[in-house]
Amino acid sequence: MSDFLRRDKRTSRELWALVAPLINDSEDAYMVLDDSVQNKEYSKSIELVNRQYSGAEHGLVRGIGIVNLIHTNGEDGGYYPIDFRIYDRESDGKTKNDHFLEMVIRAVADKRIKAKTVLFDSWYASVENLKAIHRMGLFFVTSLKSNRLVSPEKGKGNVHLEQIEWTDDLLANGILVHLKGVPFLVRLFKIVAKNGDVEWIITNRETLNGSQGDPPRSITAQDVENQTAVRWQIEQMHRELKQLVGTEKCQCRMARSQRNHIACCYQAWLAIKVAAMKQSVTLYQAQADLLRNYLIDQLRNPRIPAYIG
């Protein structure tokens, strides 16, 4: 296996060729971006390993970072990875934000993705990313860190997000603001969870399509909450990749071997995903069924008999 991983060269282009016929693409679909760290805390000699922040561990770990782009129709189970990049600034000089923007541009220009809304978290909500997405005619829905500065009124100075006074109407419908460094208006929402946690969400989208021929309507806090919830599908995929196909388990030292292992894991995940969708079960159930059927078959007709008569 190590020889195979060292000699071959697998890339995200192979994954896209398999995924392209499966996605349900339309302007109402979403592209979701986020990164995941493959924990290699106890591996001292593996290439591509860097110390970086892991949301799963809530701190810095030694691992291999992967920036993922998925496409989803917004429904449960309707998500597929369409691109991924391994973060290794020492080899290519690219930051995670560089990979983020490059994948969005290629999704639109090369893959001809029709989805108009891009979902991501505050790590990728840089001024450069927001301006680039806006220039491409796409809509973004993203969270902001509380230290970002905005100007709620033209000609007035910038204030921190917490300094805005929120009425019931503003909580329901948001407020148009100038985000520092961004040359166009965005709508800011304050989303308060039941436990009191606050999330700051911005979007450059003003209206949503009406249903059954109704005219477009203004976007609301409930709309951005619903769209932000879609973003968590990528977290679900991250867990499935680690738990079902073992993206973290390869101990090969060479960078090429690690890259090939990760690429093969995406294809293995996709095979389980297709089986799960056909059977209308979870990926975990689909994997369990595959293993159970294989074991039953081997017990009945073992390829290697226990003894030779």
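These are my notebook entries on one protein chain, taken from a predicted model.

**Entry 1: the whole chain**

I began with the overall layout, and the secondary structure of the protein chain comes to ten helices and 13 strands. Taken along the principal axes, the C-alpha atoms fill a box of roughly 90 × 50 × 40 Å. I then looked up burial and found that 46% of the 309 residues are buried, while the accessible surface of the chain comes to about 16900 Å², with 50% of that area belonging to carbon and sulfur atoms. For contacts with a separation of 6 or more, I noted that 59% are made by residues 24 or more positions apart. On charge, I recorded 42 positive and 38 negative side chains, the centres of the two sets lying 6 Å apart.

**Entry 2: strand 1 and its partners**

Next I turned to strand 1, which spans residues 30-39 and is mostly covered, with nine of its ten residues buried. I looked up its pairing and found that strand 1 runs antiparallel to strand 3 (residues 59-72) over ten bridges, and in this pairing Tyr 30 stands opposite Thr 72. Strand 1 also pairs with strand 5 (residues 117-120), here in the parallel sense and over three bridges, where I found Met 31 opposite Val 118.

**Entry 3: the nonpolar core and Phe 120**

Which residues touch the most other members of the largest nonpolar core? I found that they are Phe 120 and Leu 188, in a core of 80 residues. Helix 9 (residues 255-279) gives the largest share of this core, namely nine residues. As background, I noted that nonpolar side chains tend to be buried together in soluble globular proteins. Leaving out residues up to four places away in sequence, I listed the contacts of Phe 120, among them Leu 33, Phe 100, Leu 130, Ile 133 and Phe 140; Thr 142, Ser 143 and Arg 231 are also touched by Phe 120.

**Entry 4: Arg 231**

Is Arg 231 buried or exposed? Its relative accessible area is 7%, and because the cut-off for burial is under 20%, Arg 231 counts as buried. Leaving out residues up to four places away in sequence, I found that Arg 231 touches Val 32, Leu 119, Phe 120, Asp 121, Ser 143 and Glu 199.

How values were computed: Residues numbered from 1 in each chain as written. Predicted model: local features only at pLDDT ≥ 70, side-chain atom pairs only at ≥ 80, totals over all residues. Heavy atoms only, no water. Buried < 20%, exposed > 50% of the residue type's maximum accessible area, 1.4 Å probe, protein only. Helix = DSSP H or I, 4+ residues; strand = E, 2+ residues; numbered from the N terminus. Pairing = 2+ DSSP bridges. Contact = heavy atoms within 4.5 Å. Areas by Shrake-Rupley, 256 points an atom, 1.4 Å probe, with all protein chains shown as cover. Lys, Arg positive; Asp, Glu negative; His and termini not counted. Charge placed at Lys NZ, Arg CZ, Asp CG, Glu CD. Core = buried A, V, L, I, M, F, W, Y, C linked by side-chain atoms within 4.5 Å.
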